[in-house]
Amino acid sequence: MSGQPNSRLSDLFGLAGWSKGELARLVNRQAAAMGHPQLSTDTSRVRRWIDMGEIPRDPVPRVLAALFTERLGRVVTIEDLGLVRHGRAGKRQGDGNAENPDGVPWAPERTAAVLTEFTGMDLMLNRRGLVGAGVALTAGSALSSAMYDWLHTDPALTAEAPQFDDPLHADPAGFDRYEAAPIGSQEIEELERSVEVFRAWDAARGGGLQRKAVVGQLNEVGGMLAYRHPEHLQRRLWGVAANLAVLAGWMSHDVGLEPTAQKYFVIAAHAAREGGDRPRAGEALSRAARQMVHLGRPDDALDLMKLAQSGSGDQVLPRTKAMLYTIEAWAQASMGKGQAMRRTLGQAEDLFVSDRGDVPPPSWMQTFKEEDLYGMQALAYRTLAEHEPGAAVHAQHYAEKALALRNDGRERSKIFDHLSMASACFIADDPEQADRYARLALMAMGSNSSRRTWDRLGQMYRLTAEYSNYPKINELREEIRLALPKTKGKGGSSARA
């Protein structure tokens, strides 16, 4: 017992609106449903948890996480409740304070538990049809400062991971536990192939339809990681976990579950580092940076990109560096920093062409091809054109080059290119061309579950107002109004201009 109030539990308790006696009764009822009928909690115990910082014994933290998750309609983990026992590791820097509200990084032995617990809660929300909205995103600067030292140290897989005397023993890994058992290289190969299938589906159709399947697969992998495998298999399993967590985060971002997405990106960075893959950890954080730019927070994105680039290590390939630079350039464009954006895009181009291809790229970089470089350049220039209209012509140039190469079934990327081109054409005073590309995007969006494409369409819709007296554009505006989702979203999902 710390003797200090548990402010995190207190804040969530206030949001939930329960009395202390009501929470005590709910804990007893939920514990019985989870197989612990002997548990008996009363009002005085709840008061000690909240007011005195007492951390109850297992399974109470998991029971509380399940109750708060259901009550608030978003994933609430043991970490979120401030109920983690730090044990022999002691209190680590960044276990949760005003500057570091998410309590990252967590101890290495907690990574599999956090992963399994969070995915289990996410699946529970899916099963019950609740919306995993959630609290505000953590600022990029807070994540960067919390994770900097951790990401720049070598992962001590053997030294820091939990060791079990009984080779068939696995530590409980939180809510929705997976019965851990040894697996071999063949099973891991199957998991790696499943990642490729999920990745291809996401690129083609958006994240909405397969998100639950990815989260479920990640939940099982988290349980597998609780078992101590030989080091070479454990590293590969951490790699699978990192890839699935990035996908779960990207799919969550794709459907507007922003705090959930950010948590998955952080989990992915932890998993990648535990597996010794620092470039993958950096790329996972770059996804969080892209999310920040999309949500109108480019300064936070730049903080995250500094960490992603510096923490990726010396083994990062030139093409991976090029990809990271394109995200930094997009953030700079969002801030109207045209000179810095052009310089950064120039570095990205130089790095991309310097990659001789003599080293096979990792699986997660195989989709960053020439058309993706052009697509990001088009997006950066289209974004800068909001500040410098003359940049629109460059956006058109790169969007055209990207579209000429799009032939691999990644429909979502093609939609984004069409929207970049349409927006650039509007800014460049070419409504005829803009109408053509906007309609191409609109036709493809009906079979895509990506909310981000609708957000970007909403941004383009705003540019049509100037041309609303053109019959074709007025007709386009009406079609967009009818097609846009009814819920309002960041970036203009509600067309009202």
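**Arginine 406.** I looked up its burial first. At 10% relative accessibility, arginine 406 counts as buried (buried means under 20% relative accessible area, exposed over 50%, partly exposed in between, with a 1.4 Å probe and protein chains only). This is a predicted model: local features need pLDDT of at least 70, side-chain atom pairs count only at pLDDT 80 or more, and totals for chains, interfaces and linings use all residues. Residues are numbered from 1 along each chain as its sequence is written, and side-chain values use heavy atoms, with hydrogens and water left out.

**Its partners.** Which side chains meet arginine 406 in a salt bridge? I found aspartate 372, at 3.0 Å from N to O. A salt bridge here is a side-chain nitrogen of Lys or Arg within 4 Å of a carboxyl oxygen of Asp or Glu. Aspartate 372 lies in helix 16 and arginine 406 in the loop between helix 17 and helix 18, so the pair ties together parts 34 residues apart in sequence. Helices are DSSP runs (H or I, at least four residues), numbered from the N terminus. I also found aspartate 417, at 2.6 Å from N to O. Aspartate 417 lies in helix 18, so this pair ties together parts 11 residues apart in sequence. Aspartate 417 counts as buried because its relative accessibility is 2%. Aspartate 372 is buried too.

**Other salt bridges.** I searched the whole structure and got 27 salt bridges. One of them joins arginine 280 to glutamate 283, with the closest N and O atoms 2.3 Å apart. The two are 3 residues apart in helix 12, so about one helical turn separates them.

**Cavities.** How many cavities of 30 Å³ or more does the structure hold? It holds 2. A cavity is a set of points on a 1 Å grid over the protein atoms alone where a 1.4 Å probe fits but cannot get out; lining residues have an atom within 4 Å of a point. Volume is the space filled by probe spheres set on the points, which are joined across faces, edges and corners.

The largest cavity has a volume of about 610 Å³. I counted 31 lining residues, and Trp250, Arg290, Asp372, Arg410 and Ser413 lie nearest its centre.

Notes
On a 1 Å grid over the protein atoms alone, a cavity is a set of points where a 1.4 Å probe fits but cannot get out, and a pocket is an open set with protein on both sides within 12 Å along at least five of seven lines; lining residues have an atom within 4 Å of a point.
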